[in-house]
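Try each task before you read its solution.

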Amino acid sequence: MARSTPGVTRQRILAEAIRLFSTRGYGATTVAEIQVACGLTAGSGALYKHFPSKKALLEHAVREHVDTMARKHEDAATQLPEDPREALRLIADTVWEVIETDRDLIRIMLREFDGFAELFEQMWQGVLANLYRQCTAWIAAQRELGTVDVADPEATTAVLIGSLTYYPLLEAMIGHSPGDVEPERFRTAWLDHAAGTLKLDKEER
């Protein structure tokens, strides 16, 4: 007879809590509602066997997200193709995958910023700031190789990452993207824009 493991219930609690926080709001979601969503008895206190509080649950979800995304960024950074345009494509795919993977958690952090500024800072430093540093290092290295031509790698990275993340974040927050352009069209335009900004050679574009 198959036995369930503690991790199964723990992960389900996390998943259902994040879903409810995202749709209903952190403050409007009760521990009882989270337990019911997981198929547990409302007054059983089962959640507290895994997390000491509702806030601790959210903090754990953020730490888990930061750790997972940091690994994905590091993996992508070590696998960037030599072709700069293909490297840009992989960067775009990785960034969008990161945001989509934890779309609900990101929405919570943006909406609940005032109440969880420290948690938001953890996500910022662990995910977006780390991504920015890695992309800046890549652009600087490409400039040394003579592959790209930019005067300010740091500011150029800020512009490229800012425009790339704006699309999925806006869509996650309000259900619309800039101009309501389809994702693939936006990504293609972003790649062309990035290639032009970095002044890639014509044969690479």
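Predicted model: local features only at pLDDT ≥ 70, side-chain atom pairs only at ≥ 80, totals over all residues.

**Exercise 1.** Find P84: which helix is it in, and is it buried or exposed?

*Solution.* Start with the place: P84 belongs to helix α4. Next, bring in accessibility. The cut-off for buried is under 20% relative accessible area, and P84 comes in at 1%, so it counts as buried.

**Exercise 2.** Now do E100: which helix holds it, and how does its accessibility classify it?

*Solution.* E100 also sits in a helix, namely α4. Its relative accessibility is 48%. Exposed needs over 50% and buried needs under 20%, so E100 with its 48% counts as partly exposed.

**Exercise 3.** How do α4 and α7 pack, and at what angle?

*Solution.* First, the geometry: the angle is about 30°, and the axes are 10 Å apart. Second, the label. Angles under 35 degrees count as roughly parallel, and that is why α4 and α7 are called roughly parallel to each other. Third, the handedness: α4 passes α7 in a right-handed crossing. Finally, who meets whom? From α4 come I91, A92, V95, W96 and I99, and facing them in α7 are L164, T165, Y167, P168 and L169. Sort this contact by class and you get 9 nonpolar residues, 1 polar and no charged.

**Exercise 4.** At what angle do α7 and α8 cross, and which residues meet?

*Solution.* Their axes come within 11 Å and cross at roughly 175°. Since over 145 degrees counts as roughly antiparallel, α7 and α8 are therefore roughly antiparallel to each other. In α7, pick out T156, V159, L160, S163, L164 and Y167; they meet P183, F186, W190, H193, A194 and T197 in α8. Split by class, that contact has 8 nonpolar, 4 polar and no charged residues.

**Exercise 5.** Stay with α8 and find R187. Is R187 buried or exposed, and what does it touch?

*Solution.* R187 lies in helix α8. With 13% relative accessibility, R187 counts as buried. Leaving out residues up to four places away in sequence, R187 touches R89, A92, D93 and W96.

**Exercise 6.** Which residues of the largest nonpolar core touch the most other members?

*Solution.* This core has 52 residues, and the ones to name are F21, L58, M109, W190 and L198. Helices that each supply at least two core residues include α1 (6–24), α3 (54–78) and α6 (117–145). Now zoom in on L58: not counting residues up to four places away in sequence, L58 touches I18, F21, Y26, L105, I108, M109, F116 and L119. As a general rule, in soluble globular proteins nonpolar side chains tend to be buried together.

Conventions:
Residues numbered from 1 in each chain as written. Heavy atoms only, no water. Core = buried A, V, L, I, M, F, W, Y, C linked by side-chain atoms within 4.5 Å. Buried < 20%, exposed > 50% of the residue type's maximum accessible area, 1.4 Å probe, protein only. Helix = DSSP H or I, 4+ residues; strand = E, 2+ residues; numbered from the N terminus. Contact = heavy atoms within 4.5 Å. Axes fitted to C-alpha atoms, helices over the stretch in contact; angles between N-to-C directions. Parallel < 35°, antiparallel > 145°, perpendicular 65-115°, else oblique. Left-handed = near helix turned anticlockwise from the far one by under 90°. Nonpolar A, V, L, I, M, F, W, Y, C, P; charged D, E, K, R; others polar.
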